[in-house]
Amino acid sequence: MSFKLPFFKTKQKSEKDTPTIEHVPRHVAIIMDGNGRWAKNRGLPRIAGHKEGMDVIKDIAKAASDSGVEILTLYAFSTENWKRPNAEVDFILRLPKEFLHHYLPDLMRHNVKIETIGNLDVLPEHTKEAVAYAKAQTENNDGLLLNFALNYGSRFEIMDAMKRVMQDVDALKLSIDALDESLFSKYLYTDGLTDPDLLIRTSGEQRLSNFLLWQSAYTEFWFTDVLWPDFNEDIFKNALHDYQQRKRRYGGI
Ligand code: V0D
């Protein structure tokens with residue numbers, strides 16, 4: 001992969017400052033909220049908002065990749081989303097196939113690798129097939145990791161991890177004394193990924209909504225009133241820019 005240095009990666013030169021590489025977030029997570037409201041505002045059915053929201057993803061993936069972001073995690077379907085009307089759930093669960101049909105060649109060209117977090121077991125066969133195909137096709141790509149959270153819920157993730165920890169203790173594969181934060185993290189879906197540096201939520205809500213609870217302990221949050229279908233590359237770069245202005249202290253001084 002070629003090494004590019006976008007303008008916002010470079011600290012502004014001043015008399016005192018020697019130029020340094022500025023901090024691009026390695027891992028950005030996004031709660032893509034506001035698709036239903038976007039459609040309602042236009043007198044369209046909610047599913048039209050989801051379709052429009054899907055089209056935004058490839059632009060943001062490209063912007064993330066161009067900016068030097070390594071991991072983009074998108075909250076696409078939560079464990080709570082099953083409570084929506086059947087027809088809407090049905091439509092949403094067909095979007096992976098639709099997305100790949102339109103954008104897989106482009107993602108391949110940009111060297112994007114697709115992975116997922118969440119419990120895929122209970123998804124319909126056709127969704128699982130589309131997702132498995134995406135992962136298989138992109139598994140040798142080593143550019144941006146485009147990580148879809150599908151049927152993801154953070155409390156379930158943590159509780160499920162805890163159960164498997166207890167099974168390993170029970171089977172004498174693990175001693176309780178050896179368990180620490182780093183080892184526990186290996187039981188989560190996000191094993192092998194860095195924690196998100198920046199979490200973006202669109203559509204004006206300022207909540208985590210059961211997304212990456214453990215992983216967001218030190219994450220910077222960035223909120224916008226813009227609805228996800230109206231989100232674009234410029235707004236994304238604004239978020240990265242704001243992130244770079246913040247001082248991260250990790251509880252220190
Ligand atoms: C609906 C807006 C792409 C928010 C974005 C199954 C919700 C569009 C995917 C996708 C969804 C998932 C996996 C993959 C390729 C694409 C997607 C869902 C919802 C939930 F390998 N968009 N998208 N998946 N929406």
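Ala, Val, Leu, Ile, Met, Phe, Trp, Tyr, Cys and Pro are counted here as nonpolar, Asp, Glu, Lys and Arg as charged, and the others, Gly among them, as polar. With these classes in hand, the lining of the largest pocket in this predicted model divides into 20 nonpolar, eleven polar and seven charged residues.

Two or more lining residues come from each of α1 (35–41), α2, β2, α4, β3 (113–117), α5 (125–138) and β4. Of these elements, α2 provides the largest share of the lining, with five residues.

The ligand is found in this largest pocket. Around the ligand stand 17 residues, and the closest of them are Asn 35, Ile 57, Ala 76, Leu 95 and Phe 99. On its own the ligand has 530 Å² of accessible area, of which the protein covers 98%.

The shell around the ligand can also be described by element and by class. At least two shell residues are supplied by each of α2 (46–67), β2 (71–78), α4 (95–109) and β4 (145–152). Helix α2 again stands out, giving the most to the shell with four residues. By class, the shell holds 14 nonpolar residues and three polar ones, with no charged residue, whereas seven charged residues belong to the lining of the largest pocket.

Technical notes
Residues numbered from 1 in each chain as written. Predicted model: local features only at pLDDT ≥ 70, side-chain atom pairs only at ≥ 80, totals over all residues. Heavy atoms only, no water. Near = heavy atom within 4 Å. Areas by Shrake-Rupley, 256 points an atom, 1.4 Å probe, with all protein chains shown as cover. 1 Å grid on protein atoms, 1.4 Å probe; cavity = no way out; pocket = protein on both sides within 12 Å on 5 of 7 lines; lining within 4 Å. Sits in = over half its atoms within 2 Å of the grid points.
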